[in-house]
Amino acid sequence: MKRRLFIATSALAAAGVRAQVADLNDAINKAGRQRMLSQRASKAYLALVQKVEARNAQQVLDKSIALFERQLVELKASAPSPAIRGTYDALDGAWGEFKRELTGLTPGREEAARIVKLDAAVLALANQGTTQYEAASGKPVGRLVNIAGRQRMLSQRMAKFYLAGAMQIDAAGSAAEIAKSRAEFLAALEILRNAPEATAQIRQELVLADAQWMFFNRGLQRLEGAGASPALMSDVFVSSENLLAIMDRVTGLYSDLKT
């Protein structure tokens, strides 16, 4: 039986409820979410090209685009300095180019290869904005919100490169990016788990993340072995969404801390 996505129950599904940036922790959370959305949109596009989880992939793509644009407006309006505002002006431009490719009428392998390249500029600027908002916070919990939020991006980045590798889009480079992201993801889990600020609820969510990670990682490793069948690609797509949901809740919990 196919596993159902449970991402609808996560904080991500309600991300648009908080219409304005509430405080700097919230800004770091939303800024970090933009990183994730750059990778999630690419993942969904690659899935659509390969007819993997087609209905889910289209929904993920549409919702990722809408959420990115809504948060971009909020983050630009809330920028506490000209430098941060400049980052989001630049991100607006990079996003426009990326979105035009994402919403093109004829998705195919050549377009997918361009998508993988274009998302790099969006990711870099989104990460720059997140780092700037963390610096503006100047509090230890701001760093934890950033780290937890980056886990969301890494879950989507690994799945994206899995699907790119399955299409033979720079297969060696895709495998190297998965390995790099895997190492970073596991190291960050330890930081989040051992942080003095971690509450019992955060640690409980991280136990769930460990379990989902094991399933997701098994899927990623199968690309390195027998190759990627449609069923294996579907497994990776679904498990990456489930891992994202957990890490989004963890990020929200850290963001809500008032230390």
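**Reading the labels**

Tutor: Asp170 has its place in the loop between α5 and α6, where helices are DSSP runs of H or I with at least four residues, strands are runs of E with at least two, and both are numbered from the N terminus. This is a predicted model, in which local features need pLDDT of at least 70 and side-chain atom pairs count only at pLDDT 80 or more, while totals for chains, interfaces and linings use all residues. Residues are numbered from 1 along each chain as its sequence is written, and side-chain values use heavy atoms, with hydrogens and water left out.

Student: Why does Asp170 count as exposed?
Tutor: Its relative accessibility is 53%, and exposed means over 50% relative accessible area, buried under 20% and partly exposed in between, with a 1.4 Å probe and protein chains only; Asp170 therefore counts as exposed. Its phi is near 45°, a positive value in a residue other than glycine.

Student: How do you know that the span of α5 agrees with its number of residues?
Tutor: The expected span is 1.5 Å times one less than the number of residues; for the 27 residues of α5 (residues 140-166) that should give 39 Å, and the end C-alpha atoms are 40 Å apart, which agrees.

Student: What does the same check give for α6?
Tutor: The 24 residues of α6 should span 34 Å, and its end C-alpha atoms are 35 Å apart, which agrees. Among the buried residues of α6 are Ser174, Arg182 and Phe185.

Student: Why is α1 called roughly antiparallel to α4?
Tutor: The axes of α1 (residues 24-49) and α4 (residues 109-137) come within 8 Å and cross at roughly 170°. Angles over 145 degrees count as roughly antiparallel, under 35 as roughly parallel, 65 to 115 as roughly perpendicular and the rest as oblique, so α1 is roughly antiparallel to α4.

Student: Why is the pair of Tyr88 and Tyr133 called tilted?
Tutor: Rings of Phe, Tyr and Trp (its six-membered ring) pair if their centres lie within 6.5 Å, and planes under 30 degrees apart count as stacked, over 60 as edge-to-face and the rest as tilted. The ring centres of Tyr88 and Tyr133 are 6.1 Å apart and their planes are at 50°, so this pair is tilted. It links distant parts of the chain, Tyr88 in α3 and Tyr133 in α4 being 45 residues apart. Tyr88 is buried at a relative accessible area of 0%, and Tyr133 is buried at 1%.

Student: What makes the pair of Phe185 and Trp213 stacked?
Tutor: Their ring centres are 5.0 Å apart and their planes at 20°, so the pair is stacked. Phe185 in α6 and Trp213 in α7 are 28 residues apart, and both are buried.

Definitions and conventions. Axes are lines fitted to C-alpha atoms, for helices over the stretch in contact, and angles run from 0 to 180 degrees between N-to-C directions.
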